[in-house]
Amino acid sequence: MTEPIPWPVDRLVAQLGRWSVSRGPLYLLLAERLRQLIDSGQLPPRAALPPDRVLAERLAVGRTTVVAAYDRLRQEHKLERHQGRGTWVAPAVLSGPRPGAVPLANPMFVNYLEPVEGVIPLACTAPHGPPPELARAYRRAVDRLPGPDSGDIGYHPTGHPALRSALAERYTLRGVPTTPEQILVTTGGQQALALLTRLFVGPGDTVLVQGPTYPGALELFRDAAAVLEPVPGDDVAAWTRALATRPRLAYLNPTNHNPTGTTMSALTRRRLVEVAAAQGVPLIDDEVLAGLSFDGEQPGGLAAHGPAITVGSFSKVVWGGLRTGWVRASESDIAQLARIKAIHDLGSAALEQLAAVELMPVLDDVSRRRGAELLRRHDHLCAELTGSLPQWDFRPADGGQCLWVRLPRGDASGFAQVALRYGVAVLPGTALDASGGSTDRLRIPFTAPPEEISDAVGRLAEAWDAYRRVGGPAPASLHAIVV
């Protein structure tokens with residue numbers, strides 16, 4: 001008989017996502033989510049599930065909840081359980097997974113981007129609504145659409161020429177001379193990172209990342225079967241040693257860093273670019289959050305100091321629904337990236353690109369206004385946390401969209417499950433840490449309106465009180481408290 005395949009508890013917890021958000025007994029909700037994972041093939045046959053007690057600790061539920069969920073699925077022939085041997089997904093002939101199912105590489109996005117009624121979404125950092133300039137830009141963009149006899153077929157695999165030129169001019173004015181041929185327009189910053197990963201990273205390649213960092217990038221690198229090596233954010237000596245090993249790629253988010261809200265100094269940026277160039281290591285500078293500085297200034301990117309690949313997007317400064325991003329790189333890299341992109345979508349939507357062109361003259365104004373509003377909401381969140389949860393520790397951000405909060409004790413993944421039952425979705429630190437650390441951390445954004453922030457912190461305080469009263473992870477009585 002084939003031996004069961006060990007299935008890491010961290011991976012299972014990520015796949016479970018918001019399993020407890022619906023109404024009903026927790027063991028039924030857990031069983032239903034496990035059933036979905038099995039039927040979709042995301043939990044393959046012979047996957048060995050964590051022991052009852054271990055999973056209960058990570059989900060902050062009583063052990064009886066996990067036991068009851070496992071037993072229910074055993075009765076349905078979805079799981080097999082044997083005393084002393086553990087619990088695993090039944091063979092396909094018994095459990096009947098959907099033929100051809102493909103496991104999700106990024107369960108975080110599936111579980112946290114879609115809103116759920118009654119749950120305050122603090123797991124996703126994004127502007128709450130577009131600025132008025134966007135609607136005006138779209139109206140003007142419609143007037144720029146080509147006529148029926150123009151010969152314009154609407155496909156621009158590298159991006160609409162007008163937007164490529166506008167972005168190149170913007171970089172040149174910032175002191176980074178750029179031609180339109182050095183710009184590739186993408187469907188958001190996430191696609192930009194996906195294309196770069198496809199171009200540079202293969203199975204077993206080492207990728208340097210900041211510890212912690214943007215989880216969407218980590219998911220892409222993992223999906224490419226890369227070996228992730230986290231490096232402390234602005235530790236020049238550590239980065240110098242890591243770059244000396246000549247990894248395949250280095251990914252940084254040096255301005256208004258997600259999740260810490262810090263900004264790397266110009267001296268550190270220059271040194272990292274110099275070392276990477278000397279070692280022949282491509283650097284990715286994720287500038288998606290660069291326009292959200294509280295002081296209204298935007299520091300020069302890594303490309304201002306030497307060879308670097310820049311990723312940008314309108315999603316954080318303008319609106320997540322404007323799915324337009326870009327890559328600035330050498331002409332040869334852009335040509336290769338364009339070929340990869342053309343395979344997938346033939347080019348991004350023309351109307352959105354034309355709207356982006358119309359936004360460019362007022363983008364700095366939108367950015368400064370967004371930054372000023374985020375500062376007010378940041379200060380409001382800091383005050384609410386200090387008043388309602390004084391035991392929680394955090395450093396005020398310099399910019400960006402979130403605070404990196406340390407819990408005084410316990411496990412952030414377990415607490416996130418409790419918070420979900422109180423109507424707040426928060427992202428635990430392990431989702432942002434390639435080392436699997438930051439288990440005591442939460443990422444809490446301040447993008448919501450002040451009244452929603454107050455409501456969310458109030459619910460977090462109630463959840464923390466319940467979590468704390470029963471002594472942290474895996475209390476036997478927690479099920480009765482939070483159902």
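How many salt bridges does a search of the whole structure find? In this predicted model, the search finds 26 salt bridges.

Arg58 and Asp411 are both buried.

A second salt bridge connects Arg81 with Asp71, and here the closest N and O atoms are 3.2 Å apart. Because Arg81 is in strand 3 (residues 79–82) and Asp71 is in helix 4, this pair ties together parts that are ten residues apart in sequence. Arg81 has a relative accessibility of 21% and therefore counts as partly exposed. Asp71, at 24% relative accessibility, likewise counts as partly exposed. Both residues also belong to a network of salt bridges that links Asp52, Arg63, Asp71, Arg74 and Arg81.

Glu287 counts as buried because its relative accessibility is 7%, under the limit of 20%. Arg174, in contrast, has a relative accessible area of 30% and is partly exposed.

The arrangement of two helices was examined next. Two packed helices are described by the angle between their axes and by the distance between those axes. For helix 1 (residues 9–16) and helix 3 (residues 52–59), the axes come within 11 Å and cross at roughly 50°. Helix 1 is therefore oblique to helix 3. The crossing of helix 1 and helix 3 is right-handed.

Phi of Arg46 is near 75°, and Arg46 is located in the loop between helix 2 (26–39) and strand 2 (47–49). With a relative accessible area of 10%, Arg46 is buried. Phi of Ala60 is near 55°, and Ala60 occupies the loop between helix 3 and helix 4 (63–75). Ala60 has a relative accessibility of 0% and so counts as buried.

Cis peptide bonds are also present in the backbone. The bond from Gly211 to Pro212 is cis, with omega near 0°, and Pro212 is in the loop between strand 7 (206–211) and helix 10 (215–223). The bond from Asn258 to Pro259 is cis as well, with omega near 25°. Pro259 is in the loop between strand 9 (249–252) and helix 12 (266–279).

On the surface, Val142, Leu145 and Leu351 form a nonpolar patch, and their accessible area together is about 220 Å². Val142 is part of helix 7 (residues 132–143) and, at 45% relative accessibility, counts as partly exposed. Arg271, in helix 12, is partly exposed with a relative accessible area of 38%. From C-alpha to C-alpha, Arg271 and Asp149 are 53 Å apart in space, and they are 122 residues apart in sequence.

Technical notes:
Residues numbered from 1 in each chain as written. Predicted model: local features only at pLDDT ≥ 70, side-chain atom pairs only at ≥ 80, totals over all residues. Heavy atoms only, no water. Patch = residues over 30% accessible without salt bridge, like charges linked within 9 Å, V, L, I, M, F, W, Y side chains within 5 Å. Areas by Shrake-Rupley, 256 points an atom, 1.4 Å probe, with all protein chains shown as cover. Salt bridge = Lys/Arg side-chain N within 4 Å of Asp/Glu carboxyl O. Helix = DSSP H or I, 4+ residues; strand = E, 2+ residues; numbered from the N terminus. Buried < 20%, exposed > 50% of the residue type's maximum accessible area, 1.4 Å probe, protein only. Axes fitted to C-alpha atoms, helices over the stretch in contact; angles between N-to-C directions. Parallel < 35°, antiparallel > 145°, perpendicular 65-115°, else oblique. Left-handed = near helix turned anticlockwise from the far one by under 90°.
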